Structures are given as C-alpha cells and as structure tokens.
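Let's take a friendly walk through this structure, loop by loop and then on to a pair of helices. Here it is.

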Amino acid sequence: MTTSANGIPASRRGAFKYGDRVQLTDPKGKLHTINLAEGGSFHTHRGWIEHEQFIGSMPRGATIVYPKDAAHIVTLGDIHPGARVVEAGAGSGALSIALLRAVGSSGEVFSFEKRPEFAEVAAKNVEQFFGSAQSNWHLQVGAIDDVASADERVRDVDRVIYDMLAPWENIDIAARVLRPGGVLICYVATTTQLSKVGEAIRSQGNFTEPHAWESMVRDWHLEGLAVRPEHRMIGHTGFLLTSRRLADGTEPPLRRRRPSKGAYGASLEES
C-alpha cells in the first residue's frame with residue numbers, strides 16, 4: 001500500500017493487492033478487518049480463508065449503486081433490449097453492468113466518467129463480470145457536457161441516467177440528446193439535491209412533471225416459527241427522479257395542484 005508524504009495510507013483504486021486492508025463480515029454480521037499478506041490466512045472456528053483468494057477481486061472505489069436502486073432504474077426507467085442509453089458517471093461500473101444486461105447485444109450504453117481512476121475501475125469490473133470487453137459499451141473519460149457534445153453517436157438516445165453530484169447543471173444536455181418520449185433518470189443522495197434537480201427540470205421546459213421516490217429493503221429472519229424482521233436493513237441509499245422528454249414545441253402539462261404555502265419562499269409567492 002502506498003503512503004502519502006505525511007505517512008497516511010494513500011487511497012488506491014483497482015483490484016486488491018498484498019498490503020491492502022479489507023473488511024470481512026461473518027454470517028452473524030460481525031466485522032473483521034485484516035491486512036492482506038503473502039502467505040497469510042484468516043482463521044475462524046469454521047475454518048480459514050487464504051489471503052491469496054482476495055487478490056485480484058473487486059474492491060469498492062466510487063460509491064456503488066445498490067441492487068434495489070439499479071433494479072428500479074432498469075424496470076421503472078423501462079431500459080429495454082435494443083435501447084440506447086447514456087450514463088453519467090460510471091463510478092465503479094455496477095450500474096453499467098445492469099444497463100448492459102438490460103439493453104442486450106442489440107443496444108448500446110454510453111458511459112461518461114470525469115475521474116480517470118474511477119473509469120479504470122469501471123472498465124475492469126465490467127470486463128471481469130462479462131468475461132470480456134463489451135463492444136456495445138462506450139466508456140469515455142470526461143464531463144458529459146464536453147464529451148457528449150463532440151460525439152455524434154450520442155443523439156436521439158432512449159434514456160439518460162445521471163448519477164452525479166450536480167445533475168441539475170446538465171438538464172439541457174439531457175434535453176438535447178434525448179429523443180422525444182425518452183426518459184431522464186436522476187440518482188441523488190440528499191433532499192437538497194433532489195429539490196434542485198426537480199426545479200431545474202421544471203424550469204428547463206422540455207420535460208414532464210418530475211416524479212421522485214426512494215425504496216427501502218428489509219430482510220426477514222425465517223427459521224421455523226422464529227419469524228421476525230432482521231435487525232439491520234438497507235434503508236436510505238438514494239433518491240430516484242424520473243421525467244420524460246417532450247416533443248419540441250410541446251408545452252409541459254400543468255400541475256394538478258398548487259404549490260403548498262412556503263414551498264418557494266415569500267418573495268416568489270408574493271410576486
């Protein structure tokens with residue numbers, strides 16, 4: 001493991017190597033932290049695990065999209081075989097894998113990632129999952145507003161998925177590359193981000209009223225008559241927001257309800 005000038009271990013992306021610190025979880029949920037060493041092994045009362053088994057496996061670099069959220073993106077976003085999908089950013093490649101499986105060999109996925117180290121991890125993870133590089137996956141390093149504008153292939157796409165810090169800054173890009181009827185999906189972590197991207201979509205004028213939701217998953221302990229919720233659950237991971245691209249010249253449908261008092265501040269309500 002490399003260290004910085006002050007002696008603190010520096011972060012590293014890519015597959016596990018000897019010297020890396022990893023965290024293991026046993027069947028009871030207890031966490032064990034070990035340093036991978038050549039010839040080393042981790043012992044438990046049920047046996048042992050050789051450290052060499054971890055070498056070359058997939059670590060987590062960028063924040064990963066949980067399966068529950070990837071499933072919602074694929075299903076409620078109607079990612080279908082043959083679809084052409086734009087994804088920004090690629091992160092660890094987890095969502096890229098789900099998208100590639102959904103679009104099949106007849107579809108295409110264009111993934112954009114600003115950070116080269118994340119793009120490198122995503123490329124390795126996707127290739128490792130499928131067993132080879134995917135010819136219908138186009139991973140490019142750079143901001144979507146710069147790279148997509150120069151790529152003539154990124155036009156009239158079926159879906160745009162934003163998993164980035166500030167998706168509200170790229171709503172115009174989504175409107176430009178989406179075909180009429182195409183779906184925009186945004187994945188954000190906080191209510192502040194959710195509010196900003198929702199208002200940006202409304203202000204842009206080329207999309208339907210955005211719809212937002214989140215999902216939470218709770219496992220259950222099931223053993224004979226001992227049936228109860230598990231003590232741990234996958235709670236909040238992120239918010240999902242969807243909207244559909246309108247045809248040019250189409251006015252966005254009017255809201256069914258008036259905004260609640262205080263929703264936009266006193267100055268706006270008085271105007």
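Start in the loop between helix 1 (67–76) and strand 5, where aspartate 78 lies; helices (H or I, at least four residues) and strands (E, at least two) are DSSP runs numbered from the N terminus. The model is predicted, so local features need pLDDT of at least 70 and side-chain atom pairs count only at pLDDT 80 or more, while totals for chains, interfaces and linings use all residues. Residues are numbered from 1 along each chain as its sequence is written, and side-chain values use heavy atoms, with hydrogens and water left out.

Aspartate 78 is not a glycine, yet it has a positive phi of about 55°. With a relative accessible area of 42%, aspartate 78 is partly exposed (buried is under 20%, exposed over 50%, partly exposed in between, with a 1.4 Å probe and protein chains only). Aspartate 156, in the loop between helix 4 (144–150) and strand 8 (157–162), also has a positive phi, near 50°. Aspartate 156 counts as exposed, at 54% relative accessibility.

Now look at the peptide bond between alanine 88 and glycine 89: it is cis, with omega about -5°. Glycine 89 sits in the loop between strand 5 (84–88) and helix 2.

How do helix 2 and helix 3 meet? Ser96, Ile97, Leu100 and Arg101 in helix 2 meet Asn125, Val126, Phe129 and Phe130 in helix 3, where contact means heavy atoms within 4.5 Å. These contact residues of helix 2 and helix 3 divide into five nonpolar, two polar and one charged (Ala, Val, Leu, Ile, Met, Phe, Trp, Tyr, Cys and Pro count as nonpolar, Asp, Glu, Lys and Arg as charged, and the others, Gly among them, as polar).
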